[in-house]
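Look at the sequence and the model together, and keep both in view while reading. The text below goes through the model step by step.

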Amino acid sequence: EDAYQALVDVEIWSKSFESALSISNQALAYYPTNANILLKKAMALHELSRDEEALVILTDILTINPGNH
């Protein structure tokens, strides 16, 4: 879990958003309710101008963890 998050972080910091999205999707196959990975995926989608998809994920995060504001 932590390793996936670190990999996604590196890709986001490197502005490799397609790669960050791909790694996020791989991680979510194993950890589908991990709010941190979901947030990183939403960030990558936003950077790729895919804001509607990002918004769906952010809404999902609030459904999974309603106290996460």
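The model is predicted. Its mean pLDDT is 95, and 97% of the residues reach 70 or more. Confidence is highest in helix H2, residues 17–30, with a mean of 98. It is lowest in helix H4, residues 51–64, where the mean is 95.

Start with helices H1 and H2. Their axes come within 8 Å and cross at roughly 165 degrees. An angle over 145 degrees counts as roughly antiparallel, and H1 and H2 are therefore roughly antiparallel to each other. The crossing of H1 past H2 is left-handed. On the H1 side, the contact is made by Tyr-4, Leu-7, Val-8, Glu-11 and Ile-12. On the H2 side, the residues are Phe-17, Ser-19, Ala-20, Ile-23, Ser-24, Gln-26, Ala-27 and Tyr-30. Sorted by class, the residues of this contact of H1 with H2 are nine nonpolar, three polar and one charged.

Now turn to H1 and H3. Helix H1 covers residues 2–13 and helix H3 covers residues 35–47. The two pack at an angle of about 20 degrees, and their axes are 10 Å apart. Because angles under 35 degrees count as roughly parallel, H1 is roughly parallel to H3. This crossing of H1 and H3 is left-handed. H1 contributes Tyr-4, Gln-5, Val-8, Asp-9 and Ile-12 to the contact, and H3 contributes Asn-36, Ile-37, Lys-40 and Met-43. By class, the contact of H1 with H3 has five nonpolar, two polar and two charged residues.

Is Gln-5 buried or exposed? Gln-5 is found in helix H1, and its relative accessible area is 14%. Under 20% counts as buried, so Gln-5 is buried. Leaving aside neighbours within four places in sequence, Gln-5 is in contact with Asn-34, Asn-36, Ile-37 and Lys-40.

Leu-39 is found in helix H3. Its relative accessibility is 38%. That value lies between the cut-offs of 20% and 50%, so Leu-39 counts as partly exposed. Which residues does Leu-39 touch, leaving aside its neighbours within four places in sequence? Leu-39 is in contact with Leu-58 and Ile-61. Leu-39 and Ser-24 are 15 residues apart in sequence, and their C-alpha atoms are 9.4 Å apart in space.

The loops are the last topic. Lys-15 is placed in the loop between H1 and H2. What is the phi of Lys-15? It is positive, at about 60 degrees, although Lys-15 is not a glycine. The relative accessibility of Lys-15 is 64%, so this residue counts as exposed.

Ser-49 lies in the loop between H3 and H4. The phi of Ser-49 is near 60 degrees, which is a positive value in a residue other than glycine. Ser-49 has a relative accessible area of 63%. The cut-off for exposed is over 50%, and Ser-49 is therefore exposed.

Note on methods. Residues are numbered from 1 along each chain as its sequence is written. This is a predicted model: local features need pLDDT of at least 70, side-chain atom pairs count only at pLDDT 80 or more; totals for chains, interfaces and linings use all residues. Side-chain values use heavy atoms; hydrogens and water are left out. Axes are lines fitted to C-alpha atoms, for helices over the stretch in contact, and angles run from 0 to 180 degrees between N-to-C directions. Helices (H or I, at least four residues) and strands (E, at least two) are DSSP runs, numbered from the N terminus. Angles under 35 degrees count as roughly parallel, over 145 as roughly antiparallel, 65 to 115 as roughly perpendicular and the rest as oblique. A crossing is left-handed if the near helix is turned anticlockwise from the far one by less than a right angle, and right-handed if clockwise. Contact means heavy atoms within 4.5 Å. Ala, Val, Leu, Ile, Met, Phe, Trp, Tyr, Cys and Pro count as nonpolar, Asp, Glu, Lys and Arg as charged, and the others, Gly among them, as polar. pLDDT is the predictor's confidence in each residue, from 0 to 100. Buried means under 20% relative accessible area, exposed over 50%, partly exposed in between (1.4 Å probe, protein chains only).
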